Amino acid sequence: MMELNQDEDQFKTEKSNVSTLIEFILLGFSDVPSLQWMLFIIFLFMYLTILMCNSIIILLAKTDPALQTPMYFFLSNFSFLEVCYVTATIPRMLMDLYTLKGNISVLACATQMYFVLMLGGTECLLLAAMAYDRYVAICKPLQYSLLMKDKVCLQLIAASWISGIPVEIGQTYQIFSLHFCASNKIDHFFCDIPPLLKLACGDTFVNTVAVYVVAVVFVMIPFLLIIGSYVKIICNIMKLSSAKGRAKAFSTCSSHLIVVVLFYGTASITYLQPKSNQSEGIGKLLSLFYTILIPALNPLIYTLRNKDIMMALRKLQNKLLTRWESLK
């Protein structure tokens, strides 16, 4: 009887601890304390680079007449999305590296996770919309102006941004309705589903299934649509008689295909791999790829392999130099 009372007291204590949980601790890179400042400088540089490069792409797409096409309209929106995406994680990570603390309230953690998931889902859908644009441009060039009117482009952009909002609100609510009685220490540098599920006590089967369903809808289905589009694109390109035409067609698609493979590859492994098989170190490394490294590489991939953007960049540089000389 006495043991039963002790068990009941222990259960009440655990239940009380669960209900009074007001913050988590993001462990981040605390396992390498000697590298904290070096990591701070590296990530700060990468963040500023992402902001600057994507801002330049947006500026060029808005101001240069040669870039007033659906392709660059999608690219400018993609650049804006990348800025939002990295801003959901990097500033918080920089603050934790600077203060050497990782305390984050439950509300702030839920908010961060919602924006990371929503913006990640938007990126998957937007990449699919960009693939559709390339498919129409190469496989149906005579119908391109009709199929990719301004209204259609705006609808594709709006659908990419809005579709994930109710889904990720529901998923975030579902995750934070769990009881976290094991620990409040998240072995990650931002609030993400896999490390949070590891802290949950009780049965998380329904949550795990929900993660897989959302990942299939927002990751796998768009990815398969992109692959299907590019199979048709490549078949159509191979039919071109002109070697120059084939090279130009490949150059306009290769940048997008590289970004798709990098982003979808790392995101798929993160959210479709069973959580029991994921080590914390591998999880962090994969997350660094799709939240920081790939967004940092995207502007370089799109600009260095795109003659139109390079030409627009030179024109902008010449304008600025001319204006600077006139002010002297």
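Modeller: A disulfide is taken here to be a pair of cysteine sulfur atoms within 2.5 Å, and the structure above, in which we shall look for such pairs, is a predicted model.

Biologist: How many disulfides does a search of the whole structure find?

Modeller: In general, a disulfide is a covalent bond between the sulfur atoms of two cysteines. When the whole structure is searched for pairs that meet the cut-off of 2.5 Å, the number of disulfides found is two.

Biologist: Which parts of the chain does the disulfide of Cys109 and Cys191 link?

Modeller: The sulfur atoms of Cys109 and Cys191 are 2.0 Å apart, and the angle of -120 degrees about the S-S bond makes this link left-handed. The two cysteines are 82 residues apart, so that distant parts of the chain are linked, namely helix H5, which holds Cys109, and, for Cys191, the loop between strand E3 and helix H9.

Biologist: Is Cys191 buried or exposed?

Modeller: A residue counts as buried when its relative accessible area is under 20%. Because the relative accessibility of Cys191 is 0%, this residue falls in that class.

Biologist: What pattern do the disulfides of the protein follow?

Modeller: The bonded cysteines are counted along the chain, and the pairs are Cys109 with Cys191 and Cys181 with Cys201. Cys84 is in no disulfide, since the nearest cysteine sulfur, that of Cys124, is 16 Å away and the cut-off is 2.5 Å. The pattern of the disulfides is 1-3, 2-4.

Biologist: Which element gives the most to the lining of the largest pocket?

Modeller: The largest pocket has a volume of about 480 Å³, and among the residues closest to its centre are Tyr72, Lys248 and Asp308. Helices H3, H5, H11 and H13 each give two or more residues to the lining, and the one that gives the most, with six residues, is H11.

Technical notes
Residues are numbered from 1 along each chain as its sequence is written. This is a predicted model: local features need pLDDT of at least 70, side-chain atom pairs count only at pLDDT 80 or more; totals for chains, interfaces and linings use all residues. Side-chain values use heavy atoms; hydrogens and water are left out. On a 1 Å grid over the protein atoms alone, a cavity is a set of points where a 1.4 Å probe fits but cannot get out, and a pocket is an open set with protein on both sides within 12 Å along at least five of seven lines; lining residues have an atom within 4 Å of a point. Grid points are joined across faces, edges and corners, and a volume is the space filled by probe spheres set on the points. Helices (H or I, at least four residues) and strands (E, at least two) are DSSP runs, numbered from the N terminus. Buried means under 20% relative accessible area, exposed over 50%, partly exposed in between (1.4 Å probe, protein chains only).
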